[in-house]
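The structure is shown first, and the description follows.

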Amino acid sequence: MQESMNPSELKIRLGEWDVNRKTEFYDFIETGVKKIIIHDQFYSGTLTNDIAIIVLEDSVDFSKHPHINPVCLPHSHSDFMNRHCHVTGWGKDAFGNDGDFQFILKEVEVPVWGNKGCESALRKTRLGVNYKLDDGMLCAGGEEGKDACKGDGGGPLVCPGNDGSLELAGLVSWGIGCGESGIPGVYVNIPYYMDWITEILQTVR
């Protein structure tokens, strides 16, 4: 996200499915942005602290829009390692010039890695043997042809909770290629940032 972005330049659309159509079976909601709160230690060079909170201009009545549901936030101690979770987006279906952006929302199941295993896998790439994975990052994927890709940035990685709810485990951040075997994609580690998220939410309510 551009650090100088003006909230008035953005529109938030909830319940979107097919970006090529203005009318769908279930209507989407569109609202403006009141405020953008970017993590004060965000660094674009390494995508460290790659997280922001967007405050909507209008509240959302979910009872009137049953196809739109908020995702649950995890606890700061939540551990999603070895869980099979889902990532969604309209990004490319392959890396580079071979990939096409999608018009209809796509979803793929990906396994969550432990950070040590992820760091070891990433050290085998162009990042080199001295690469250190930041604690604020989480890895998922590593299965051929199943991954987030360019255009999916900021998209949710959700995991099923024990009670059947969906918890936000991560946000698409970066990767080495897309959908390569043995190389997971890197996400923002939401449990790591829960103290920051809670603090911000208390100031905007």
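In this predicted model, Ala140 stands opposite Gly185 of strand E9. The two strands concerned, E6 and E9, are antiparallel and share five bridges. E6 covers residues 137-141 and E9 covers residues 184-189. E6 also pairs with E5, again in the antiparallel sense, over two bridges; there Trp113 has Cys139 of E6 as its bridge partner. Five of the five residues of E6 are buried, so the strand counts as mostly covered.

**Strand pairing**

E5 is in turn joined to E4 by six bridges, and these two strands run antiparallel. Val87 is bridged to Val108 in E5.

| Strand pair | Sense | Bridges |
|---|---|---|
| E1 and E2 | antiparallel | four bridges |
| E4 and E5 | antiparallel | six bridges |
| E5 and E6 | antiparallel | two bridges |
| E6 and E9 | antiparallel | five bridges |

**The three-stranded sheet**

Strands E1, E2 and E3 form an open sheet in the order E1-E2-E3, with antiparallel pairing. Why is one side of E1 and of E3 left without a neighbour in the sheet? Strand E1 (11-14) and strand E3 (52-56) stand at the edges and have a single partner strand each, so one side of each has no neighbour there. On average, neighbouring strands of this sheet are turned by 50° against each other, direction ignored. Between E1 and strand E2 (residues 29-38) there are four bridges, and Lys11 has Gly32 in E2 as its bridge partner. Helix H2 (residues 194-204) packs on this sheet and touches E2 and E3; the direction of H2 makes about 25° with that of E3.

**Helix H1**

Which residues of helix H1 (residues 115-122) are buried? They are Cys118, Glu119, Ala121 and Leu122. These four lie on the same side of H1, because the arc they cover around the axis is only 160°. In general, an α-helix has 3.6 residues a turn, so residues three or four places apart point the same way. The cover over the buried residues of H1 includes E5, E6, strand E8 (166-174) and E9.

**Aromatic pairs**

There are three aromatic pairs in the structure. One of them joins Tyr131 and Trp174 edge-to-face, at 6.2 Å centre to centre and with 80° between the planes. This pair links distant parts of the chain: Tyr131 is in the loop between H1 and E6, Trp174 is in strand E8, and the two are 43 residues apart. Both Tyr131 and Trp174 are buried. Another pair is Tyr192 with Tyr193, also edge-to-face, at 5.0 Å centre to centre and 80° between the planes. Tyr193 counts as buried because its relative accessibility is 3%, whereas Tyr192, at 46%, counts as partly exposed.

**Two loop residues**

Asp134 is located in the loop between H1 and E6. Its relative accessibility is 27%, so Asp134 counts as partly exposed. Leaving aside residues up to four places away in sequence, Asp134 touches Thr48, Asn115 and Tyr193. Asp134 and Asn189 are 55 residues apart in sequence, and their C-alpha atoms are 9.6 Å apart in space.

Gln102 belongs to the loop between strand E4 (84-89) and strand E5 (106-113). Is Gln102 buried or exposed? At 18% relative accessibility Gln102 counts as buried, because the cut-off for that class is under 20%. A polar atom of the Gln102 side chain lies 2.7 Å from the backbone oxygen of Asp100. With residues up to four places away in sequence left out, the contacts of Gln102 are Val19, Trp90, Gly91 and Asp93.

Terms used. Residues numbered from 1 in each chain as written. Predicted model: local features only at pLDDT ≥ 70, side-chain atom pairs only at ≥ 80, totals over all residues. Heavy atoms only, no water. Buried < 20%, exposed > 50% of the residue type's maximum accessible area, 1.4 Å probe, protein only. Polar contact = N/O pair within 3.5 Å; in protein donor to acceptor, adjacent residues only side chain to side chain. Contact = heavy atoms within 4.5 Å. Arc of directions from axis to C-beta. Pairing = 2+ DSSP bridges. Axes fitted to C-alpha atoms, helices over the stretch in contact; angles between N-to-C directions. Phe/Tyr/Trp six-rings, centres within 6.5 Å; stacked < 30°, edge-to-face > 60°.
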